[in-house]
Structure formats: C-alpha cells, structure tokens
Amino acid sequence: MKKILILGALMSGAAMAGDLSVKDCLVQEVIPGKHMTGAFFTLENSGKDTVKLTAATADKITSKVELHEMVHKDGKMEMSQIQNYDVTPGEHHFKKGGYHIMLMDIEDKNFPKAGETYPMELKFDNGETLKCDAKALTVEQAIEHFKAKADKTDGHQHGDMKHDGHDGKKEEAKHEHKHG
C-alpha cells in the first residue's frame, strides 16, 4: 500500500518524505526592475508531530533564498524574514500575501520564465528534505491562481495571516488550521 501511495504522489507532482509532502510548487516571474520573486507551495504533515521548515533552495534561480511572512503592522502589510515555520499536522498553504519563500539577488540570466519549471528543495529540522519542480507563472497568472484558490475556500487555510497572540518572535508565529 505504501508503494502505491508514493507512486501516486510522484505521478501527481507531489513529493513525500516521511509524514511530509509538498505539492502545487510555483514561482512567480520577476517583476520588471526587481531582482527578486516569490515561490509558493502547499505542505502537508500527515503525522502527529510538528516539524519546522528551516530552509529552502532554488539553485537554478539563486543561492539567496529566505523564508518570509506578511504581517499587518502600522496599518499596512509588511514582509519580514522568519527563521523557521512550524509545520503542524495538517495542510499549510504558502501563498501570495501570506507565508512564502523569497528568491533574492536573482541575476538577469536566471530570471524564471513563465511555463518553465525549476527545482526547489525544502529542508526541515528533522533532517528531511522535500523536492519539487516549481512551475513559473507570470504575475497575472500568479494573481489569478491565488484569487481562484481564495474563492474556493472560507479564508481559514494554513499560512493565512492570523496574528492573535503573536508575541513578536517570528519563529513562533501562530498558524490557523483547516483539515479536510
């Protein structure tokens, strides 16, 4: 049964390691005049224990990759780097306007091109690494993709920004959960 499950995950574009899996890996094209962009995906922890996402790589694009969150501060949304992200049991959506990966200091020759795919790795504190191929989207496609996903949900997905009780320690940011 486990072999069938793993084969099914590989065929659907998902990658698994232990109780963790990743799917829907995307990277947005670089906005003109910038040398950075975001990468997005869905993580699922089917186990009982929380695991921390500690790093990511996207070597075909850049060597400078950071974990980021969007926070509401002084009446506006601001992006800030975090050291890790608690992947509690359930699904976690890394998306525009929420938790995401920032690809920084991208050289012009390495800009992601819409329609192409780029390998990404996600690294966890338990030693596991998940790999996925991130499909590059235009800015318009990325906006439409996340708008369509938001229209299909009630707005309480993992990775959505909810900071009640946030104590300022970015590595301990609270996450809402939706199972189903």
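Reader: In which element does Asp24 lie, and how do you know what to call that element?

Author: Asp24 lies in strand β2. Strands are DSSP runs of E with at least two residues, helices are runs of H or I with at least four residues, and both are numbered from the N terminus. The model is predicted, so local features need pLDDT of at least 70 and side-chain atom pairs count only at pLDDT 80 or more, while totals for chains, interfaces and linings use all residues. Residues are numbered from 1 along each chain as its sequence is written, and side-chain values use heavy atoms, with hydrogens and water left out.

Reader: What makes Asp24 stand out in its phi angle, and is Asp24 buried, exposed or partly exposed?

Author: The phi of Asp24 is positive, about 55°, although Asp24 is not a glycine. Its relative accessible area is 35%. Buried means under 20%, exposed over 50% and partly exposed in between, with a 1.4 Å probe and protein chains only. Asp24 therefore counts as partly exposed.

Reader: Which residues does His35 touch, and what makes something a contact?

Author: A contact is a pair with heavy atoms within 4.5 Å. Not counting residues up to four places away in sequence, His35 touches Val30, Leu103, Met104, Asp105, Ile106, Asp108 and Phe111. His35 lies in the loop between β2 and β3. The C-alpha atoms of His35 and Ile106 are 4.9 Å apart, although the two residues are 71 apart in sequence. With a relative accessible area of 39%, His35 is partly exposed.

Reader: Where does Asp125 lie, and why is it given its accessibility class?

Author: Asp125 is in the loop between β10 and β11. Its relative accessibility is 47%, so Asp125 is partly exposed. Outside the four places on either side in sequence, Asp125 touches Val51, Lys52 and Thr54. Asp125 and Thr54 are 71 residues apart along the chain, and their C-alpha atoms are separated by 6.2 Å.

Reader: What share of the contacts in the chain with a separation of 6 or more comes from residues 24 or more positions apart?

Author: Such residues account for 67% of those contacts.

Reader: What makes a set of residues a nonpolar core, and which residues touch the most other members of the largest one?

Author: A nonpolar core is a set of buried Ala, Val, Leu, Ile, Met, Phe, Trp, Tyr and Cys residues joined through side-chain atoms within 4.5 Å. The largest has 31 residues, and Phe41, Leu43, Leu53, Leu103, Leu122 and Phe124 touch the most other members. Elements that give two or more residues to this core include β3 (37-45), β4 (51-57) and β10 (117-124). A second, separate core of five residues includes Leu26, Phe40, Leu137 and Ala142. Leu53 has contacts beyond four places in sequence with, among them, Phe41, Leu43, Leu67, Tyr85, Leu122 and Phe124. In the chain as a whole, buried residues make up 42% of the 180 residues.

Reader: How do you know what counts as a cavity, and how many are there of 30 Å³ or more?

Author: On a 1 Å grid over the protein atoms alone, a cavity is a set of points where a 1.4 Å probe fits but cannot get out; a pocket is an open set with protein on both sides within 12 Å along at least five of seven lines; lining residues have an atom within 4 Å of a point. Grid points are joined across faces, edges and corners, and a volume is the space filled by probe spheres set on the points. By this rule there is one cavity of 30 Å³ or more. The largest cavity holds about 110 Å³ of space. It is lined by 13 residues, and those closest to its centre are His93, Phe94, Lys95, Phe146 and Lys149. α2 gives the most to this lining, with four residues.

Reader: Which element gives the most to the lining of the second largest pocket, and what is the volume of that pocket?

Author: The second largest pocket has a volume of about 250 Å³. Of its 14 lining residues, Gln28, Thr37, Gly38, Lys96 and Met102 are the closest to its centre. β3 gives the most to the lining, with three residues.
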